Amino acid sequence: MEIDLDPEDLHPTVPLRKVPGGDIFEAARAGDCARLALLLEAGANVNARDRWDSVPLYYACLAGHADAARMLLQAGAVCAERTFDGDRCHYAALNLDLRRLLKSFEARPPPLAPLPAALRAAFLACPANRAAFLDMMLQGSATAEAAALAEAAGFGPTDAASAARLVPPDITFYVGGKPIEAHRVILCARSPFFEKKFKTDWKDRKEVRFSEKKLSFTALYNLIHFFYADRLEAPVDDMEGLSIICKVCKCEELHRLVDKEIVHHRFAPYKATRKLDLMESQTRFVLQGQSLPPEDRLPSALQRVLHSCLANSRQEDYCNSVPNEMRRNSYDADRADLIVKVDERVFRCHQVILASRSEYFKARISRSVGFLEGNNESLDLPCLEAHDMSVEAFEKMLEYMYTDKVEHMDPILAEELFDVASRYLLFPLKRVVADLLLPNLVHVSPAELCHWLMLSDIYGVMKIREYCLDIIACNFETFAHTREFRALLLTLPPPSATDALRTTHPSAPGATGNSEQGNVLDDLREKWLEAEAAELDKRDQSAAQFDKRLELLMFVAEREADDDDHTG
Amino acid sequence: MSARHQFSAAAFRWQETDGNPDVVAGNCKAVTNAVRDIYAQDMTNVIFGDLYRRAYSLVLHKRGEELYSAVEAAMASEVQALVGSLAVAGPSGQSFLRELLATWRRHTAAVSAIRDIVMYMDRTFVPATGRTPVRELGLGLWRDGVVRSGRIRLRLVEAVRLEKARQEEDGVVGVPGSGDLVAGVTEMLTELGADVCHEFMEAPTVSS
């Protein structure tokens, strides 16, 4: 049955078609990975169904686009054979390689949200945790599978660069001699037990050794892993140990769910209809954070931490008269280990969060280790200064870093937040801000829309850029009469290709005049043709007409600019 | 009213730097100066936050091209200077290997510092235009400019051969620290690429 295809067979003989205006279904069907990446980045639902009840993955499989299919799978497309959508994908897959691809993603849990994914990476970056992780993976499954899982977890066999640059753990547990490294702030945020212990017995400890026989290393490891990743993964035969430890750590909801699962497993053999089902389903237990009530999930836990930090940050300016002793107590409670100074305002925050969320802060923190002297009064915490940024924007950024979401944003902050998101390499923040900004764009004037088009092009906020281009293309005449639009035309780079390359075969394979996308006027033309142009062979004439119109508008704009120079 | 105000105020904040060639040139210059200082291990003027911001604003305003070629040129000339210092460094044998490894460590530390400064470029401009990432750029410069360059290549092969011979003579434990030299060289070559390591480690045995 095994047919090995030449790798060359997988590459299409004709160049893939680009679908610059297409939705996620069209992009998947055409195999236009660039467009697909853009749509996914803008937050398109990867498991959405179109009016034929088909998912994007179905089209990618049907048309045999392995790269597009892989991209969708990595974004969390459902592909398990026993689901409706997954079954159709398997059935429609063009060749065996695609089927193998689907199979290889079947056992993978869906991708984590940015916050848990970042923290999980921080946890696994600690050498001891990483070694334990690989060890457990090897026990549980075949080597090849373990390697695949390790890759899915985000690290290959050699990853020296990231290992050298971890946020040092501030506590190490030893269970039966085996170490687990962790960060206090995360443990305290998730478990009242740890919070109490770190206030009392373990206050100044760097390591804690457990000797109780009942405590299982795997169980503690998996629980701490859950604290970071908001996803519990445990072997089924270790469930009893897990239940005990959840109880000790006072994770009540989790304890309840684990106990429920234990009961379920006790009776599972009687319920299963086929022996095979049992074998497959019984080795690992996976619990998603979403199964817990919202207040027990990672974002809410960190939100509470953030609140106490912000409260202390405020005290800094207003209540300098508070006795030192009291201040110190409340400082200990928030466990901050980093101070960021923004415009005279001092923010207390946590290295592990900032560094794992943003590569910029990771570099900045590790680069400043050399000169961490406390130049900030009596505070013996490392201090960074953030320039070019308002206090409000920084606060919003912290909110996003700790909780993965931003609530109630003043639209005036949007531009600054786009800048912050780009500068500090927090790219997913752009999407969050774009979603908050979008409703505000419905009523803005054409002039302001031009402004947002320009900004979204600079900062690469595709969702806003698409929105503006759509509006402009559909109301082109209105914009042609707007002075700001004409002025904008002058600042944009000219449309790239010549007439011949651009439009003769707009949708034929290989008609990619410019391989690097991003020319605003090219995209605008594309949108305009979509909305206004005549069909088929008349399309070229429409395009030429549009180009003439643009040239004319630019001419007008230049004259207006000259006039301004003379009068001003 | 306030929205209108925001439009006019914000719209041209970015254009100040975009339209002004002096600012662009100044930012480029600051980054290339930093490259020089980093290689000279003179960190007094290297302020990470400030340099990062300059590099970021260049890339944001579509001047990634200029920044990239400026950084590339600056790194290349620094590596050339290192080769010069190596060429005159000591006689062959142990002292040469020690010098070479010390220079290699200096180079990798410098590349990682430079990479941090131009991180925004490395994450956005480089993948979008299919350039070589800064880390690989540094490895490539060292590989082709130092290890494979005529003079050093021969001396390296010779020194490694001598070192190995000495080890065999004395027994591996004989001279403390000398085993590390060969191991260090192997490590360096492996990092440069599997084929490079092959090319060097095979050569002496074939010739002898």
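Which residue of β2(A) does Ile171(A) stand opposite? In the predicted model examined here, local features require pLDDT of at least 70 and side-chain atom pairs count only at pLDDT 80 or more, while totals for chains, interfaces and linings use all residues. Residues are numbered from 1 along each chain as its sequence is written, chains are lettered from A and ligands numbered from 1 in the order in which they are written, and side-chain values use heavy atoms, with hydrogens and water left out.

The residue of β2(A) opposite Ile171(A) is Ala182(A). The strands β1(A) and β2(A) are antiparallel and are paired over five bridges, pairing being assigned if DSSP finds at least two bridges between two strands. Strand β1 (residues 171-175) of chain A is also joined to β3(A), in this case in parallel and by four bridges. Within chain A, Phe173(A) lies opposite Val208(A) of β3(A). Strand β3 (residues 207-210) of chain A presents Val208(A) and Phe210(A) on a covered face, and Glu207(A) and Arg209(A) on an uncovered one.

Chain A as a whole contains 31 helices and eight strands, taken as DSSP runs numbered from the N terminus (helices H or I, at least four residues; strands E, at least two). Of its 568 residues, 47% are buried (under 20% relative accessible area, 1.4 Å probe, protein chains only). Among the contacts in chain A with a separation of 6 or more, 66% are between residues 24 or more positions apart, a contact being heavy atoms within 4.5 Å.

In chain B, helix α6 (residues 94-117) packs against helix α8 (residues 134-147) at an angle of about 155°, and their axes are 9 Å apart. The pair α6(B) and α8(B) is therefore roughly antiparallel (angles over 145 degrees). The crossing of α6(B) and α8(B) is right-handed. To the contact, α6(B) contributes Leu100(B), Thr103(B), Trp104(B), His107(B), Val111(B), Ile114(B) and Arg115(B), and α8(B) contributes Val134(B), Arg135(B), Gly138(B), Leu139(B), Trp142(B) and Val146(B).

Key
Buried < 20%, exposed > 50% of the residue type's maximum accessible area, 1.4 Å probe, protein only. Axes fitted to C-alpha atoms, helices over the stretch in contact; angles between N-to-C directions. Parallel < 35°, antiparallel > 145°, perpendicular 65-115°, else oblique. Left-handed = near helix turned anticlockwise from the far one by under 90°.
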